[in-house]
Structure formats: structure tokens, C-alpha cells
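Please describe this structure for someone new to proteins. Cover the core, the charged pairs and the pocket.

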Amino acid sequence: DEDKAKTILSEARVRSGRVLAHASPFTEKVVHDGTTLYRARFSGFQESDAAQQACKTLKRSGFNCFATRS
């Protein structure tokens, strides 16, 4: 649910250190096979390398992550 996605965003920011300090957290509602899901996302990276580094840091902290271009 959306509250769980927001909790994940908060935990990710705490556990990632500076790498997400300037990123903007948000949730994205997605309907998949009739089920509503909420993606926990960060945006606002200046360059793709910064997004990739954030993703690597999140993965080391136990989060699933992939970087996409908006």
C-alpha cells in the first residue's frame, strides 16, 4: 500500500547516507493484473551516474533498485 511505500522511502533515505540527500522521494500508483501497487521512487539526480551510484548503495543496504530515465 502507499503507506508502506512511503515507509520504504524513509528507510532508504536513512540507510543510504548522503547519496539520497538531494533526491526527491515520491510514490507512483501502478495497476498490474488488476492489483494496485505503489512504487517507491526517488528523482532529481543531476546525472545518470548519480542515479546509478544511489542504486548501488541501496542494493548494498538490501533494497531492490533500478535506475531509469524520466
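## The nonpolar core

The largest nonpolar core has 8 residues: Leu9, Ala12, Leu20, Ala23, Phe42, Ala54, Leu58 and Phe63. Two elements, H1 and H2, each give two or more residues to this core. Keep in mind that the model is predicted.

Leu9 is one of the core residues. Leu9 sits in helix H1. Is Leu9 buried or exposed? Leu9 counts as buried, because its relative accessibility is 9% and buried means under 20%.

What does Leu9 touch, once residues up to four places away in sequence are set aside? The list is Pro25, Phe26, Thr27, Ala40, Arg41 and Phe42. Take Arg41 from that list. Leu9 and Arg41 are 32 residues apart in sequence. In space, their C-alpha atoms are 7.3 Å apart.

Ala23 also belongs to the core. With neighbours within four places in sequence left aside, Ala23 contacts Arg13, Phe42, Ser43 and Phe45. Phe42 is in contact with Leu9 and with Ala23. Phe42 is itself a core residue.

How many salt bridges does a search of the whole structure find? The search finds 3.

One of them joins the side chains of Lys6 and Glu2, with an N to O distance of 3.9 Å. That pair qualifies because the cut-off for a salt bridge is within 4 Å. Both residues lie in helix H1, which covers residues 2–16. They are 4 residues apart, about one turn of the helix. Lys6 counts as partly exposed, because its relative accessibility is 43%. Glu2 is also partly exposed, at 30%.

Glu28 and Arg39 form a salt bridge, with their closest N and O atoms 3.6 Å apart. This pair links distant parts of the chain. Glu28 is in strand E1 (residues 24–32), and Arg39 is in strand E2 (residues 35–43). The two are 11 residues apart.

Glu28 forms a salt bridge with Arg41 as well, and here the closest N and O atoms are 2.8 Å apart. This pair also links distant parts of the chain, from strand E1 to strand E2. Glu28 and Arg41 are 13 residues apart. Together, Glu28, Arg39 and Arg41 are linked in a network of salt bridges.

How exposed are these three? Glu28 has a relative accessible area of 25%, so Glu28 is partly exposed. Arg39 is partly exposed too, at 43%. Arg41 has a relative accessibility of 25% and counts as partly exposed.

## The largest pocket

Now for the empty space. Rolling a probe the size of a water molecule over the atoms shows where empty space is left. The largest pocket has a volume of about 980 Å³. Its lining is made up of 35 residues. Nearest its centre lie Ala40, Arg41, Phe42, Cys65 and Phe66. H1, E1, E2 and helix H2 (48–60) each give two or more residues to the lining.

Which element gives the largest share of the lining? The answer is E2, with 8 residues. By type, the lining residues divide into 19 nonpolar, 9 polar and 7 charged.

Conventions
Residues are numbered from 1 along each chain as its sequence is written. This is a predicted model: local features need pLDDT of at least 70, side-chain atom pairs count only at pLDDT 80 or more; totals for chains, interfaces and linings use all residues. Side-chain values use heavy atoms; hydrogens and water are left out. Buried means under 20% relative accessible area, exposed over 50%, partly exposed in between (1.4 Å probe, protein chains only). On a 1 Å grid over the protein atoms alone, a cavity is a set of points where a 1.4 Å probe fits but cannot get out, and a pocket is an open set with protein on both sides within 12 Å along at least five of seven lines; lining residues have an atom within 4 Å of a point. Grid points are joined across faces, edges and corners, and a volume is the space filled by probe spheres set on the points. Ala, Val, Leu, Ile, Met, Phe, Trp, Tyr, Cys and Pro count as nonpolar, Asp, Glu, Lys and Arg as charged, and the others, Gly among them, as polar. Contact means heavy atoms within 4.5 Å. A nonpolar core is a set of buried Ala, Val, Leu, Ile, Met, Phe, Trp, Tyr and Cys residues joined through side-chain atoms within 4.5 Å.
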